[in-house]
Amino acid sequence: MSTSIHPLRLLLKAVVLFVALNLLFAWWNPSIGKLSLYNLLWPGRLRFPYSTAPGYHIRDYNVALTEDLDGLFSSHIISAGPKPTDEFRIILLGDSAAWGGRVRADETLAAQITALGLTSCDGRRVVAYNLAYPWPSVLRDLLILEYALDYHPDLVLWLITLNGLHRKNEDMEFLLPNADRLQRIAQTHRLTLPAAPYSRRAPPSLWERTPIAQRKRLKNLLMNQIYGLMWTATRHDNGFATPSDHAVVPPDVSDKLNYLHYPNPDKRSKLIDSLLLDAIRVGQEMAKPASVVVINEPIFIATGKNREIRYNRLYPRWAYDAYRQTLAEWMDRHAYPYYDLWNALPPDDFANDLVHRDPKGEAHLASLLRPILQKFICRQSFHGILPHSYAQETDR
Amino acid sequence: MGVVEILILTAIAAVLGRVRRGRPLALMLVSALVIYWLQPKTAPWDFWLPTLSLFLTLLGWAITTPPETRRLPENALSLAVLLGTLGAILLSARFFPEETPFTSPVSLRRFLPILSGFLVLLIGISLPNRSPRLLPPGLILLLLAIFLVLKSPSLTERSMALIGALLTSNPDGTPAPLPWLGFSYLAFRLLHTLRDRQAGLLPPVTLAEYVNYAIFFPSFTAGPIDRLERFVKELRSPLPFQPDDWLSVLQRLTTGLFKKFVIADLLALISINDRFVFQALAPGWLWLSLASYALRLYFDFSGYTDIAIGLGRLLGIRLPENFNAPFLKPNLTQFWNAWHITLTQWFRAYVFNPLTRSLRAQRALPDALILLIGQVATMVLIGLWHGLTWNFALWGVWHGLGLFVQNRWSEFARVHFSSPDIHPWVQQGLRIGGTLLTFIYFSLSMAFFALSTPELAFTVFLRLLGLA
């Protein structure tokens, strides 16, 4: 029998095998993100895997898994096991400020809330889980909330800001790969999605489900598993968490009036129309019977030159004030729990001139949230503003 | 080189390997194009650095080749092909600046006088019946000087800023420095020919053969470093390529790709870095990250070597092996005989052997001291080849001392412990122990290799022992 190898035949066999394996994978379409060494070999992460930019993952020991909710949750400590019976579970939704863009994983707001040592009225210990994800986007938060309901939260703390409610500022990297899930949520809860690519995207085709088409996602999932070793070795997941990375926050702001593509206050009504307020209603409906407490998250408020024009690098006063007023009225009209903490923290609680707090700021905010949480933990309704307001004093 | 580039080069090699007529010329032409293509695209370096590689190669050939071989008519044809290739690259950059994969547009006003000057120099060297004796050492010194500049970041920055300012008229300032792709390996090959020429050992070769040896595209960026006489022999009579060879070539290429782009790239994620020294929560993690770095280095480098050997085989040339399971060797001497083999052979031939011969000739030093000096000096030079820093020098000292101690221990053990009565299990245990110890010793040296300062390396050692 001849043992010689015909190169073309060999190539043909390799191609056929490659195509067959791809088709088999696409047909099977396994939830590969659920396969995880976290909570098995590595400890679960205290917040979702995320890296600022492709080149930063080495610095963060972390990758962004925007395409994979299974991968995000299976890496998180919330997936460590069934919910303990003695645990009162709070989940935090929000953007990079809630994720902790400038703090270590054990210094975030969720960690600080857990560290408050609260107990529920029936004696359960309060544990807060950080399910925030960088980049403000309420639609992305809805996707995370829907998935998180399988983990039986007792209370949802949803930190939002103007950028997150604005329909032109959505997290496309997250929404596009999860478009079918988002469309299902929208359909179920009668949510009108903005005219964006994720609103009319069909479910993944056979080709899109093949490993070769999903290679970036699979690579990120694999890297996330490997980085579990670095997480175990260091408990470090954020390259910007060291004090040297914290900018000296400039007191001055620019004199520009624009917010995104709105040039000036004349566009106030257009701005208001663009807010995705209805997403908050959907969140409230989805989470039932758990309560959803919405917090307008604290922002850095500049104290120097041009402070009468802008609050900070992100927001001119006219736009942010319009947003606050609209949101407060809307929440009041729907009787949803809402707290406006926009000015609750002094500038030196921030690590940059946007919304990112330093460890001191996280602890400060947790202490301000304590009375609110206590009220809701014991299922009492409590509406109003905080007794102390930093900016109310400085604005006078 | 990324996966796409490697796949393209594989296709080119598969086609080129089937060419029979004009094979050295075709191969030379492709290699010349490839060195422009692979050089990172930043003007003006993406033109000037590959061009300097070609100029140095041409000088190397003119200096090392006997006059009667230099005057063969085929060399004129080879030179014309090279200049034609250069012209085509320049034209493509001029007329298709966006589309050309080779280089950014170049100022001909600056290039043509330099080219003319170079050609006059080349002809000046080539015409006399006897090459001046000072030329080989002159080129050796030039290559070493370039080495010195390229391996020192501050010298690189300053000299490239100076040269960049002369080569461009960019009003925005001088261009940023850029790595010179493949220079190290090119220099090793040229130095080998120059030294062997001085020793009268170099066979005469044509221009096309010499250029192919120097810039052979499969091994241009990461070796291995072949010897001229062996390479030219297979260039002249390519190994026959049987259908069965496809399997071994594909195996070699896929193994290389897997080693480099899967194993090494994943190990890179968990390898030691400056921040990790202080972030690691326990010494065990530092041990692990050092071992990961060592393994990563191996898989990265041996992966590239597998790819180079696979491509070379497609072209009918068997490039030398560069790795032979180094982490399975029971002592450091055997490890260094199996790690980056062609580089260590080069240093043995051109540094260690001449140095120890010279020291022995003086008859003033004991053999052990000569060995110590030879090994430390050779390993320090290998270290400094990676960069002119204290870290790489210390890395060299670490390995030089390790080799010396291991050599002395082997001598001692041979006299005192060698007995045919030792049970095979004990021998096997000693072998496994030696292998582990060698791996640990090499991994520890990664503290010098991977970290940016000696202080960090010493901090790692303290932390490994739980002392910091």
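Predicted model: local features only at pLDDT ≥ 70, side-chain atom pairs only at ≥ 80, totals over all residues.
**View 1. The disulfide between A:Cys121 and A:Cys378.** The two sulfur atoms sit 1.6 Å apart in the model. The torsion about the S-S bond comes out at about 105°, so the disulfide is right-handed.

**View 2. Where chain A meets chain B.** On the chain A side 20 residues take part in the contact, and on the chain B side 18 residues do. The size of an interface is often given as the accessible area lost when the parts come together. Here the area buried between chain A and chain B is about 1,700 Å², and carbon and sulfur atoms give 74% of that. If you go looking for salt bridges between chain A and chain B, the count is zero. Polar contacts do turn up: four residue pairs between the chains, with both residues at pLDDT 80 or more. Which elements of chain A each supply at least two residues to the side that touches chain B? They are helix H1 (7-28), helix H2 (57-60) and helix H10 (215-234). H10(A) brings the largest share of that side, nine residues.

**View 3. Domain 2 against domain 3 in chain B.** Chain B is split into domain 1 (18-236), domain 2 (245-314) and domain 3 (326-464). For domain 2 and domain 3 of chain B, the C-alpha centres are 22 Å apart. In this view 18 residues of domain 2 of chain B are in contact with 20 residues of domain 3 of chain B. About 1,800 Å² is buried between domain 2 and domain 3 of chain B, 80% of it from carbon and sulfur atoms. On the domain 2 side, B:Asp274, B:Trp287 and B:Leu290 lose the most area to domain 3 of chain B; together these three make up 28% of what that side buries. Salt bridges between domain 2 and domain 3 of chain B number zero, and there are four residue pairs in polar contact, both residues at pLDDT 80 or more. Helix H13 (276-279) and helix H14 (283-314) of chain B are the elements that give two or more residues to the domain 2 side of this contact with domain 3. H14(B) gives the largest share of that side, 11 residues.

**View 4. Helix H12 (residues 278-287) of chain A, mostly covered.** Eight of the 10 residues in this helix are buried. Which ones are they? A:Ala279, A:Ile280, A:Arg281, A:Val282, A:Gly283, A:Gln284, A:Met286 and A:Ala287 of H12(A) are buried. What covers the buried residues of H12(A) includes helix H6 (138-148), helix H7 (162-165), helix H9 (179-188) and helix H13 (317-334) of chain A. Strand S3 (155-160) and strand S4 (291-296) of chain A are also among the covering elements.

**View 5. A:Asn62 in the loop between H2 and helix H3 (69-75) of chain A.** Is A:Asn62 buried or exposed? With 0% relative accessibility, A:Asn62 counts as buried. A polar atom of the A:Asn62 side chain lies 2.9 Å from the backbone oxygen of A:Asp237. Leaving aside neighbours within four places in sequence, the residues in contact with A:Asn62 include A:Arg45, A:Tyr50, A:His57, A:Trp99 and A:Tyr227.

**View 6. B:Ile89 in helix H5 (residues 73-95) of chain B.** At 1% relative accessibility, B:Ile89 counts as buried. Not counting residues up to four places away in sequence, B:Ile89 touches B:Leu33, B:Tyr36, B:Phe102 and B:Thr103. For a sense of distance, the C-alpha atoms of B:Ile89 and B:Arg21 are separated by 24 Å, and the two residues are 68 residues apart along the chain.

Key
Residues numbered from 1 in each chain as written. Chains lettered and ligands numbered in written order. Heavy atoms only, no water. Disulfide = S-S within 2.5 Å. Domains from an automatic or database assignment. Contact = heavy atoms within 4.5 Å. Buried area = accessible area lost by both parts, 1.4 Å probe. Salt bridge = Lys/Arg side-chain N within 4 Å of Asp/Glu carboxyl O. Polar contact = N/O pair within 3.5 Å; in protein donor to acceptor, adjacent residues only side chain to side chain. Helix = DSSP H or I, 4+ residues; strand = E, 2+ residues; numbered from the N terminus. Buried < 20%, exposed > 50% of the residue type's maximum accessible area, 1.4 Å probe, protein only.
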